[in-house]
Amino acid sequence: MDLSILLVHGLSLAAIYGLMAIGISLLWSSIGMINMAHGASFAVAGYAAWGVAEAMKPVLLATLGKTLSGTIAMAGLCLSAGALTGALMGGLIYLLAFLPIHDKPNFAVRSLIVTLAINMATVQSLLWIFGPKQKNLPKIFGMGKIEFLGLSARYDQLGTIVGTTVILGLLLLWLKVSRKGLEIRAMMQNPEGAVLSAISVRWTALPVTMLTGALAGLAAVLLSQTIFVSPTSGAVPLIKGLTIALLGGLGSVPGAVAGA
């Protein structure tokens, strides 16, 4: 394989797996939760984006045709559906795997077991509903490739790399300037001090789980430009994301404080 092709392919995959790893690290470092259902959020968001694309494709073809505007509209719909569904999955994980046990001993181990059960149940449910047949999303970045300085890159690869860079930049900006972002950073850096400052772990956890779920949803749509959507499509991104997060130390010391 050409080295330039391998380099661009590696960068696009690294960008997607980086989104997964940041979500896993953010959960651990802020609320001390190991989310093994991150792959389930990925798979469900992929199917949601596929369903929206299938439903809206005839409408967009009839109104906008095969134009740049139609491609942009489809991209917006797929990315929005993936992010929203991922966020809803994050809220569900919060209700099932955080609220009931966050103030119990060994919360990290308990959360790992509960989220692993959620992941397995979700995969089996998707298999039952959709079967094992893979689904493909439309090419939201269009077809074709660009040659630049000896490098060859497809539109979907460039779109993934640039899109991930923009998403991570917006995430860092939100964490830096927003009130909720500052609360999350406080939980990551000094959980006891954050609790003494009236920052509740219970209510900080909800936006964190929804935010990380949205990141998994966006990663699902971006990766589905290269591979297909399937019930088990979240397994490899989950493993890769966990590996990257572990190599990075999973962020700072976990911030869950019992009873907060």
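Trainee: Hi! Which residues lie nearest the centre of the second largest pocket?

Mentor: Hello! Those are Ile-22, Leu-26, Leu-171, Leu-172 and Leu-175, out of ten residues that line the second largest pocket. Helix 1 (3-31) and helix 5 (155-177) each give two or more residues to that lining. Keep in mind that we are looking at a predicted model.

Trainee: Thanks. What classes of residue does the lining of the second largest pocket have?

Mentor: Seven nonpolar and three polar residues, with no charged ones. The space in this second largest pocket comes to about 160 Å³.

Trainee: And how much space lies in the largest pocket?

Mentor: About 240 Å³. Its lining includes Lys-57, Lys-66 and Lys-139, along with Gly-65, Thr-67, Gly-70 and Thr-71. Leu-60, Leu-61, Met-74, Pro-138 and Ile-140 line the largest pocket too.

Trainee: How does that lining divide by class?

Mentor: Five of the residues are nonpolar, four are polar and three are charged.

Trainee: Which helices each supply at least two of the lining residues there?

Mentor: Helix 2 (38-63) and helix 3 (68-98) do, for the largest pocket.

Trainee: Why is helix 8 described as largely enclosed by the rest of the structure?

Mentor: Because 18 of its 23 residues are buried.

Trainee: I also flagged Thr-160. Where is it, and is it buried or exposed?

Mentor: Thr-160 sits in helix 5. Its relative accessibility is 2%, so Thr-160 counts as buried, the cut-off being under 20%.

Trainee: Which residues does Thr-160 touch, leaving out those up to four places away in sequence?

Mentor: Ser-12, Ala-15, Ile-16, Phe-141 and Leu-222.

Trainee: Now Asn-106. What is its phi?

Mentor: Phi of Asn-106 is near 55 degrees, a positive value in a residue that is not glycine. Asn-106 belongs to the loop between helix 3 and helix 4 (107-130).

Trainee: Is Asn-106 buried or exposed?

Mentor: Exposed, because its relative accessibility is 59% and the cut-off is over 50%.

Trainee: Last topic, confidence. What pLDDT does the chain average?

Mentor: The average is 84, and 92% of the residues score at least 70. Over residues 252-260, however, the pLDDT is below 50.

Trainee: How many contacts does that stretch have in the model, beyond near neighbours in sequence?

Mentor: Residues 252-260 have 33 such contacts.

Notes:
Residues numbered from 1 in each chain as written. Predicted model: local features only at pLDDT ≥ 70, side-chain atom pairs only at ≥ 80, totals over all residues. Heavy atoms only, no water. Buried < 20%, exposed > 50% of the residue type's maximum accessible area, 1.4 Å probe, protein only. Helix = DSSP H or I, 4+ residues; strand = E, 2+ residues; numbered from the N terminus. 1 Å grid on protein atoms, 1.4 Å probe; cavity = no way out; pocket = protein on both sides within 12 Å on 5 of 7 lines; lining within 4 Å. Points joined across faces, edges and corners; volume = space filled by probe spheres on them. Nonpolar A, V, L, I, M, F, W, Y, C, P; charged D, E, K, R; others polar. pLDDT = per-residue confidence, 0-100. Contact = heavy atoms within 4.5 Å.
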